[in-house]
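I opened this entry to keep a record of what I looked up and how each term was defined. The structure comes first, then my notes.

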Amino acid sequence: MTDGRRPEDVRWMRRALELANGSLYLTSPNPRVGCVIVRDGRVLGEGATQAVGGPHAEVCALRDADARGESVRGATVYVTLEPCSHHGRTPPCADALVAAAPARVVAAMGDPNPRVAGGGFARLRAAGIEVETGVCLDEALALNTGFVARMGRGTPWLWMKIAASLDGRTALRNGRSKWITGEAARADGHHWRARSCAVLTGIGTVLADDPKLDVRYVETLRQPRKIVLDPRLELPLDARLLDGTETLVFTTREDPVRSSQLAGRNARLICLPGPDGRVDLPAMMRWLGEHEVNEVHVEAGERLNGALLRAGVVDELITYLAPVLLGDAVGMARLPVLDDLAQARRFGFFDVQCVGADLRVRARSPARWNALRALACESTR
């Protein structure tokens with residue numbers, strides 16, 4: 001694995017990452033991938049993976065080169081993920097590259113999909129194409145944490161979005177929370193909705209706020225699935241989120257009548273009772289992984305936030321802090337009282353930005369991130 005210090009490799013891989021970022025809202029459940037083909041410092045072709053069933057980044061770049069009248073024989077291909085080597089919804093990209101005969105392929109990371117897992121690199125090397133890996137690996141992983149998590153551990157990457165005051169309050173005691181943060185922060189929050197495969201909330205939030213849970217502040221061709229945790233099947237059939245887009249309702253008991261009613265609103269009832277009489281959250285995450293959900297975006301109240309944290313399924317926190325103090329009000333997450341600081345749930349800061357008048361603070365579980373990074377490193381070999 002290269003250390004990624006060759007300036008030209010880093011430069012062109014960052015261009016490939018820009019292209020991949022352009023498909024952020026489009027490709028799920030497939031990974032976001034960008035590709036640039038270069039010879040003598042000149043771009044011959046470039047592209048990004050399209051929606052499911054459409055061409056992958058490498059094929060898009062090869063087609064672009066062909067449209068420009070360029071041969072890629074002997075060129076260098078920069079791609080943010082190992083070219084696939086299996087027949088899925090599209091033919092193998094590794095085969096398309098072998099036919100095009102570049103001299104070299106530089107990849108940010110390997111594909112952890114067991115159907116690939118080094119097979120693409122092996123096919124390229126067998127054809128005499130030089131392969132280098134690991135350039136801008138962390139940036140590539142950040143674009144596809146959910147895909148890598150689903151392939152590596154069988155569950156999605158889950159982040160919890162919270163809008164709060166400086167003293168960590170998310171609503172007044174009377175339930176009012178509109179709006180603690182400003183419009184810029186709310187628009188930024190919709191970016192995270194748009195890139196996720198599913199938006200999750202609890203029945204308490206639905207009954208209190210009747211949210212739509214759709215993406216409105218950013219342009220997207222794909223709306224994420226909606227997930228409601230509803231142990232006692234209290235979801236009103238006229239709830240605004242039941243707008244015809246796909247909704248998953250996780251509950252603790254079977255109810256054929258209710259299931260039929262919800263099916264009429266394109267909502268599916270899934271029964272996963274836990275030992276405590278609540279929805280089994282780890283089982284829910286496994287179910288979502290099995291059904292091609294890469295990233296889960298949580299917008300919920302303190303009860304469900306606390307339950308998800310206690311269940312150990314939260315990978316990342318995306319917190320918007322407004323420059324106000326609310327005092328005695330509702331907190332971010334309802335957690336048990338601790339007797340010792342050693343019992344605290346710890347996250348690591350990795351991104352802080354001003355968003356309008358508010359502050360966006362991102363923190364993630366170091367252990368969970370390091371596990372994904374180890375998987376990404378292993379898959380580049």
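Where is Asp40 found? I located Asp40 in the loop between β1 and β2 (42-48), where helices (H or I, at least four residues) and strands (E, at least two) are DSSP runs numbered from the N terminus. The model is predicted, so local features need pLDDT of at least 70 and side-chain atom pairs count only at pLDDT 80 or more, while totals for chains, interfaces and linings use all residues. Residues are numbered from 1 along each chain as its sequence is written, and side-chain values use heavy atoms, with hydrogens and water left out.

**Backbone entries.** I noted that Asp40 has a positive phi of about 55° although it is not a glycine, and that Asp40 counts as exposed at 76% relative accessibility; buried means under 20% relative accessible area, exposed over 50%, and partly exposed in between, with a 1.4 Å probe and protein chains only. Leu213, also not a glycine, has a positive phi of about 60°; Leu213 lies in the loop between α8 (203-209) and β9 (225-229), and is buried at a relative accessible area of 3%. I then looked up two cis peptide bonds: the one from Ser28 to Pro29 has omega near 10°, with Pro29 in the loop between α1 (7-21) and β1 (34-39), and the one from Lys178 to Trp179 has omega near -5°, with Trp179 in the loop between β7 (169-171) and α7 (183-195).

**Cavity entry.** My search of the whole structure found one cavity of 30 Å³ or more, and the largest cavity has a volume of about 40 Å³. On a 1 Å grid over the protein atoms alone, a cavity is a set of points where a 1.4 Å probe fits but cannot get out, and lining residues have an atom within 4 Å of a point; grid points are joined across faces, edges and corners, and a volume is the space filled by probe spheres set on the points. Among the residues lining the largest cavity I listed Ser28, Arg32, Gly146, Phe147 and Glu295. Gly146 and Phe147 are also among the buried residues of helix α6 (residues 145-153), and just after α6, Gly154 takes a positive phi of about 85°.

**Strand entry.** I found Thr247 in strand β10 (residues 247-251), buried with a relative accessible area of 0%. Leaving aside neighbours within four places in sequence, Thr247 is in contact (heavy atoms within 4.5 Å) with residues including Lys226, Val228, Leu241 and Asn266.

Technical notes
1 Å grid on protein atoms, 1.4 Å probe; cavity = no way out; pocket = protein on both sides within 12 Å on 5 of 7 lines; lining within 4 Å.
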